[in-house]
Amino acid sequence: MDKLFTTLENLLRPKGKKGLAGIWEDDHKMVEAARKTREMGVKKFDAISPFPLHGIDEAMGIPRSWIPWVTFIFGLTGCAFGTWFTWWTSAVDWPLIIAGKPFWSLPAFVPIIFECTILFAALSSVGVMIGLCRMPTIDPHTIDPDLTCHKFAIFVPEDEPGFDQAKLESLFKENGATDVRQTEF
Amino acid sequence: MIKREPLVLGNKTYKDVTDDICSLVETLPGGKYFLALLTAKTLLLFYLVVLGFIVGTGMGLMGVNHPVGWGTDIITFVFWIGIGHAGTLISAVLFLFRQKWRMSIARTAEAMTVFAVMTAGLFPILHTGRPWLAYWLLPYPNQRGPLWVNFRSPLLWDVFAVSTYATVSIVFWYVGMIPDLATIRDRAKNPWRKRIYGALSLGWRGTAQNWNHYEMVYMLLAGLSTPLVLSVHSIVSFDFAVATLPGWHTTIFPPYFVAGAIFSGFAMVVTLMVIVRECVPVFKDYITMNHMESMNKIIMATGMLVGYAYASEFFVAWYSGSPYEQFVFVNRAFGPHGWSYWIMVTCNTIIPQIFWFKRARRHIPTMFVVSIFVNIGMWFERYVITVTSLHRDFLPVNWDYFSMTFFDFGALFGSFGMFFVLFLLYIRLLPAISIAEVKPIIHVGKEEVHHG
C-alpha cells in the first residue's frame with residue numbers, strides 16, 4: 001500500500017528544475033543576497049521563506065500582485081449577476097405580486113446583490129491565487145524541510161541566463177549562506 | 001520613551017515558534033483533553049437524540065405556541081451567529097487596522113467563527129419543522145413553474161447572508177492555514193501524516209512570488225470580510241426590524257445587533273482562550289495577559305454600546321408617542337417576562353463594568369466568570385427581543401406565556417456539545433496559532449538588534 005502510494009506520488013510529482021541553492025538562517029542576509037543575485041544579472045530565481053519577508057519584493061524586482069483586478073472584475077460580475085438574477089426571477093420569469101411591491105423592487109434586492117458581489121470576488125481571488133502558486137501540487141520538491149520553519153533559501157535554476165555556478169557560490173557564501181548545494185526544485 | 005510591550009514572551013526563535021505550535025498536533029493529548037472531549041461528545045450525542053425527536057415528532061415538542069411563533073431555535077440561531085462575529089472582527093478588521101497583537105489569536109478566533117456559524121445554521125433549518133425540505137430555500141430551477149424564492153423577504157436575505165458568510169469564513173480560515181499546514185508536512189516523520197497534511201497544504205512551496213500573491217489575497221479577503229460581517233448581522237436584525245411589529249420595527253437594530261454580536265463573540269473568545277491557556281501552558285507565551293486585557297476592554301466598550309441601545313429603545317418608545325410601542329417596552333421590563341429583561345441588563349451592562357479596574361482586566365478567574373455572564377446575558381437579549389415582542393399581541397385574546405420545554409433546553413445545551421467537539425478536535429489537529437503570522441512579530445518590543 002505504502003509502496004503503491006510512493007510510486008504514484010513520483011509519477012504525479014511535477015518536474016523540478018536542476019540548479020544551485022543557498023541556505024540561510026538569517027532572513028536579512030538572505031534578502032541582501034537576493035538583491036545582489038539580481039544585480040549580478042540573474043532575472044528569474046526563487047527565494048523560499050517560512051513567512052513573507054519584508055523587502056524581498058523590491059530586492060527581487062517582483063511587481064505588485066495583479067490579483068486585485070481579478071477581485072474587482074469578479075466583484076462586478078457578481079454584482080451584475082445578482083442584479084440580473086433577482087430581476088429575471090422576480091419580474092420576468094414568474095412575476096408575483098408580493099405585499100403590493102413592484103415586481104422589480106431594487107431596494108429589497110440590495111442584500112442579495114451585495115452577498116453575490118462578495119462571494120464572487122472572494123472565491124475568484126482565492127482560485128486565481130491557488131492557480132498562480134501552481135497549487136494543488138502533489139508532494140513538490142523541497143530543498144530543505146526547514147524552509148517552512150526557520151531557514152531561508154535562494155534557488156537559481158541552471159538554465160537561467162546569467163547562471164554562473166562559481167560566481168553564485170561565492171556570492172552566497174560571502175553573504176552569510178550556511179550551506180550551498182546542487183539540488184532540484 | 002515608552003517601550004513597546006513584547007507581543008510574544010520568552011525570547012523565542014523561529015524554530016521555537018514552530019516547535020511550540022506544532023507540538024499540539026504532533027503529540028498525543030493527555031487525560032484531561034480526552035475527558036473534555038468525552039464530555040463534549042456525550043453532549044453532542046444527547047443533542048443528536050434531541051434533534052432526532054424534534055424532527056421525528058414535530059415542532060410541537062418545543063415551546064413555540066400561538067403568539068410566540070419564534071422560540072428557542074431563532075433565539076439560539078442569533079446567539080451563535082453573533083458569537084461568530086468576533087472571530088471575523090479579530091481576523092479581518094484588526095488585520096486591516098494593522099493591529100499586530102491579533103496574530104496569535106486570529107486563527108482560533110476564526111475557527112470559532114466557522115464552528116459557531118455551523119452550529120447556528122442548523123437552528124433555522126430545524127425551526128422550519130421540515131428540515132428535509134431545506135433545499136427549498138435555494139433558488140434552483142424546479143418543476144413547480146419554476147417557482148422562485150421570494151427575494152423581497154428578509155428571511156431569504158438571511159439564507160444568502162449566512163451561507164456567503166460561512167463560505168467566505170471557511171475560505172479565509174483555510175487560506176490562512178495553508179503555509180502552516182506545509183510546515184507540519186515538512187516536519188512529519190510518519191508517511192501518512194506527511195501525505196494528509198501535504199494534501200491539505202495543496203503543495204505550498206513558499207517562494208517569494210507565492211508570498212506576494214498570497215499576502216495580497218489575504219488582505220483582499222480581510223477587506224471583503226469586513227463589510228460582509230457587518231452585513232450579516234444587519235441582515236439578521238432585518239429578520240426582526242422589517243416586520244411592522246412594535247418592539248421589532250426599529251431603525252437602531254442593525255448597529256445594535258452588530259455591537260451585541262461583537263460583544264458576545266469577544267466574551268466567547270475570552271472563555272475559549274482562558275481554557276486554551278490553561279490546557280496548553282506553552283501558549284501563555286503567545287496569548288499573553290496583554291491580549292486578554294485588550295479583549296476585556298473591547299468587551300466593556302461594546303457592552304456599553306449595547307446598554308446605550310437598550311436605553312435608546314426605551315427613549316424612542318416614549319418619544320414616539322405610539323401607545324403600542326410604549327406598551328411593548330413597559331411590558332418588556334415589567335411584564336410576565338420581565339425577569340429575562342433584568343437578567344439581560346445585569347449580565348450585559350452592569351457586570352462588565354468591573355473591567356474599569358485594571359486588576360480585574362488582568363485576573364483570569366474574574367474575566368472567565370464575566371465572559372460566562374456575558375454569554376448568558378446575550379442569549380437572554382435575543383430571548384427578550386423575540387419573546388417579549390411576540391407574547392402580547394394587539395388583542396388580549398392573543399396573549400400567552402412562553403415556556404421552554406425539555407426539548408428547548410436540550411437543543412440549546414446540546415448545541416454547545418456540537419461546538420465544543422468541533423473546537424476540541426480542531427485544537428489538536430490543525431495549527432491553533434498562525435505560525436507564519438507570528439514569526440514576523442516575535443521581535444516586537446524586544447531589545448532591538450539592528451541588522452545591516
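# Asking how we know

Tutor: Let's start with B:L202, which lies in the loop between α6 (191–200) and α7 (208–241) of chain B. Helices here are DSSP runs of H or I with at least four residues, strands are E runs of at least two, and both are numbered from the N terminus. This is a predicted model, where local features need pLDDT of at least 70, side-chain atom pairs count only at pLDDT 80 or more, and totals for chains, interfaces and linings use all residues. Residues are numbered from 1 along each chain as its sequence is written, while chains are lettered from A and ligands numbered from 1 in the order in which they are written.

Student: Why does B:L202 count as buried?

Tutor: A residue is buried if 20 or more other C-beta atoms, placed from the backbone, lie within 10 Å of its own, exposed if 12 or fewer do, and partly exposed in between. B:L202 has 20 C-beta neighbours inside 10 Å, so it counts as buried.

Student: And what makes B:R98 exposed?

Tutor: B:R98 has 7 other C-beta atoms within 10 Å, so it is exposed. B:R98 sits in the loop between α3 (72–96) and α4 of chain B.

Student: Which bond joins B:G145 to B:P146?

Tutor: A cis peptide bond, with omega near 0 degrees. B:P146 belongs to the loop between α4 (103–127) and α5 (154–187) of chain B.

Student: How do you know that chain B is as compact as a globular protein of its length?

Tutor: Chain B has 15 helices and zero strands. Its radius of gyration, taken over C-alpha atoms, is set against a globule rule of 2.2 Å times the number of residues to the power 0.38. The radius is 23 Å, close to the 22 Å from the rule for 452 residues, so chain B is as compact as a globular protein of that length.

Student: Why are β1 and β3 of chain A said to pair?

Tutor: Two strands pair if DSSP finds at least two bridges between them. Six bridges join β1 (residues 18–24) to β3(A), so they meet that rule, and they run antiparallel. A:A21 stands opposite A:F155 in β3(A).
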